[in-house]
Amino acid sequence: MRLPTITAAPGTPPGGPPALGDDGWVVTRHADVLAALTDSRCVVPPVADGPEGSVAWLRASVSRFSPPDRHAARRAVGVAALDPRELRLAAARLTERILGSSSEESVTRARRVPLLVLAERLGPADPAAAATEVSAVAAAYHPGADAAATRRADRAVAALLALSPPAPAEVTANRLGLLVQAADATAGLIDAAVRHGRAVPDGLATATLLAEVLRLDPPVRATRRVATCALNLGGQGVRAGDRLVLRFDAANRDPAVIADPDRFRADPAGMALTFGAGPRGCPGERHALALATGVVDVLRHASGTLIEGSRR
Ligand code: HEM
């Protein structure tokens, strides 16, 4: 089976010991990224609260940005009610219904499917309207977004709250947070799977395609932590308050963990850190894979049919 080589995307830092950059320590080796993700002295950077119904309020209310003492209870909201097998079937059915006349049009429509399927199950009264608003929130979800994107996100959070069924504010916030977490990352995985899927044999299982795309072209390239005290990370002395940028894209190609790291493998090594690790690791990993598999299976089948059709 001929499989491609996928070189690192521009901007992926080279591997090596943690290096101090403008934005804190850049951490690239697999062992160092994993150590930081699972070290309770490395915490998610704290976020400022804002008026109820703003994107700053949403950030301060969701598990993703919560301090350790609020994290576990908030994390429990949402994912447990979702069944990956049912999500996969629903994603495949919806993708079949919305296929376009060209593969580009189909992909554009299909990348919204995970969000629509999740929104239908998480409560907002009008899933299609909610999906549009969620995309606006996603653009300013992480701290540091510009003022215009933040204003759009504030309006979108207010619209989402109006669409949501009655529930305690923190429960609603965490359901919305789950939609935001899921939206761009799963759409990015579908985009990358379609792009790289053209270079792999038709017979390659979609699960293998997704696993290697997550390793070699991750839709989430990095995450952040702050050190709460002085510690040693990969031989470097990190001081209390130092920021850490944990680069999944570099760690997933660490030659200390995977031989010939740029080569697409038919037997994924299962070492990718794209879903994070430890108590903050993605609780939606199985859900993301189920949704993406449902969508990508249908797209791969449809593009095969289109090619065969055009040969006749
Ligand atoms: C390819 C798709 C996805 C990728 C690559 C991804 C990746 C991640 C990563 C890396 C984190 C942890 C960030 C950190 O430790 O700083 C995270 C957190 C999270 N993800 Fe995902 N995710 C994906 C899809 C999803 C989906 C589909 C859901 C929901 C069904 C979801 C729900 C969440 C939630 C709620 C958190 C916050 C967890 C917490 O606060 O403990 N994600 N995700």
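Here are some friendly questions and answers about this predicted model.

Me: How many helices and strands are there in the protein?
Reply: Let's begin with the overall picture. The C-alpha trace spans about 65 × 50 × 35 Å along its principal axes. Of the 312 residues, 42% count as buried. As for the secondary structure, the protein has twelve helices and seven strands.

Me: What is the radius of gyration of the protein, and what does the globule rule give for its 312 residues?
Reply: The protein is as compact as a globular protein of its length, because its radius of gyration is close to the value from the globule rule. The radius of gyration is 20 Å, and the rule gives 20 Å.

Me: Which helix gives the most residues to the shell around the ligand?
Reply: The ligand is surrounded by 26 residues, and the closest are Ser63, Ala182, Ala185, Cys282 and Gly284. By class, this shell has 14 nonpolar, nine polar and three charged residues. Helix H9 (169–197) and helix H12 (285–311) each supply at least two of the shell residues. The biggest contribution, six residues, is from H9.

Me: What is the order of the strands in the open sheet of five strands?
Reply: Let's build it up pair by pair. S1 (residues 19–21) pairs with S2 in the antiparallel sense over three bridges, and a hairpin of two residues joins them. S2 (residues 24–27) pairs with S7 in the parallel sense, while S4 (residues 222–227) pairs with S7 in the antiparallel sense. With S1 and S3 as the edge strands, the order is S1-S2-S7-S4-S3.

Me: Which residue in S7 is the bridge partner of valine 26?
Reply: S2 and S7 are linked by three bridges. In one of the pairs, valine 27 has leucine 246 as its partner in S7. For valine 26, the partner is valine 245.

Me: Is strand S7 largely enclosed by the rest of the structure or largely open, and how many of its five residues are buried?
Reply: S7 covers residues 243–247. It is largely enclosed by the rest of the structure, because the number of its five residues that are buried is four.

Me: Which residues of helix H1 are buried?
Reply: H1 spans residues 30–37. What covers its buried residues includes S2, strand S3 (42–43), S4, strand S5 (231–233), S7 and H11. The buried residues themselves are His30, Asp32, Val33, Ala36 and Leu37.

Me: How far apart are the C-alpha atoms of leucine 89 and valine 295?
Reply: Leucine 89 sits in helix H4 (residues 84–98). It counts as partly exposed because it has 14 C-beta neighbours inside 10 Å. Leucine 89 and valine 295 are 206 residues apart along the chain, yet the separation of their C-alpha atoms is 9.2 Å.

Me: Is aspartate 260 buried or exposed?
Reply: Aspartate 260 lies in the loop between helix H11 (248–251) and H12. Most residues other than glycine have a negative phi. Aspartate 260, though not a glycine, has a positive phi of about 50°. Because it has 9 C-beta neighbours inside 10 Å, aspartate 260 counts as exposed.

Terms used. Residues are numbered from 1 along each chain as its sequence is written. This is a predicted model: local features need pLDDT of at least 70, side-chain atom pairs count only at pLDDT 80 or more; totals for chains, interfaces and linings use all residues. A residue is near a molecule or strand if its C-beta atom, placed from the backbone, lies within 6 Å of it. Ala, Val, Leu, Ile, Met, Phe, Trp, Tyr, Cys and Pro count as nonpolar, Asp, Glu, Lys and Arg as charged, and the others, Gly among them, as polar. The radius of gyration is taken over C-alpha atoms; the globule rule is 2.2 Å times the number of residues to the power 0.38. A residue is buried if 20 or more other C-beta atoms lie within 10 Å of its own, exposed if 12 or fewer, and partly exposed in between; C-beta atoms are placed from the backbone. Two strands pair if DSSP finds at least two bridges between them. Two residues are in contact if their C-beta atoms, placed from the backbone, lie within 7 Å.
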